[in-house]
Amino acid sequence: MAEFFYYLFGVIAVVFAAVAVTAKNVIRGGVALLGAFVALGGLYFSVGAEFIGIVQVIVYGGAIIVLYLFALMTLDLKRMEGEPVRLFSVAAGGFLSLALVAIIVYGGFSFFGSVHPAVSTAKGLAGPLFYRFLLPFEVVSVLLLVATIGAVSVGRGKE
């Protein structure tokens, strides 16, 4: 039964991703991207990686899509509609996309024998993170704090 849901969520994710890329309306594309992210979360749940599935839905489905849609709503899209499509750019992008898909499919079949991840639960992830990699984890957290304070100070300017 888990295999059925794995393939079901995989197909749903691919369909939503295709709609996100081909949608003429960017808001519909963003909502389709949200559907793809939630389907990927379901895909992770179907293989037993509950923690990664929850993080996928919360971080990507929540925060990243809100940021993406906010950025799209602030753009002047009417001005961009009149720009011509460059055939070379479309051809190069299509070729690189097909090459990337081929590499991913070939690498996935030759490298992984199973669809089950090595670390799937919060306990399995927390052990190495808070024992073996505690110092790098704390260094990254301090670095993010300094970057946040720097961004706020630059954003405020001189008052």
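## Confidence of the model

The mean pLDDT of the protein is 81, and 84% of the residues reach a score of at least 70. Among the elements, helix α1 (residues 2–22) has the highest mean pLDDT, at 91, whereas helix α4 (residues 77–81) has the lowest, at 66. Where pLDDT is low, the predicted coordinates should not be read in detail.

## Overall architecture

Seven helices and zero strands make up the secondary structure of the protein. Along the sequence, the elements accordingly follow the pattern α-α-α-α-α-α-α.

Of the contacts in the protein with a separation of 6 or more, 62% join residues 24 or more positions apart. Buried residues account for 13% of the 159 residues. The accessible surface amounts to about 12500 Å², and carbon and sulfur atoms contribute 75% of this area.

## The setting of Ser46

Ser46 belongs to helix α2, which spans residues 26–46. The relative accessible area of Ser46 is 14%, and the residue therefore counts as buried, the cut-off being under 20%.

Two kinds of neighbour can be described for this residue. Within the sequence region of helix α2 (residues 26–46), the side chain of Ser46 reaches the backbone oxygen of Leu43 at 2.7 Å. When residues up to four places away in sequence are not counted, Ser46 touches Ala2, Phe5 and Tyr6.

Note on methods: Residues are numbered from 1 along each chain as its sequence is written. This is a predicted model: local features need pLDDT of at least 70, side-chain atom pairs count only at pLDDT 80 or more; totals for chains, interfaces and linings use all residues. Side-chain values use heavy atoms; hydrogens and water are left out. Helices (H or I, at least four residues) and strands (E, at least two) are DSSP runs, numbered from the N terminus. Buried means under 20% relative accessible area, exposed over 50%, partly exposed in between (1.4 Å probe, protein chains only). A polar contact is a pair of N or O atoms within 3.5 Å; within protein, one must be able to donate a hydrogen and the other to accept it, and residues adjacent in sequence count only if both atoms are side-chain atoms. Contact means heavy atoms within 4.5 Å. pLDDT is the predictor's confidence in each residue, from 0 to 100. Accessible areas come from the Shrake-Rupley method with a 1.4 Å probe; for residues, only the protein chains shown count as cover.
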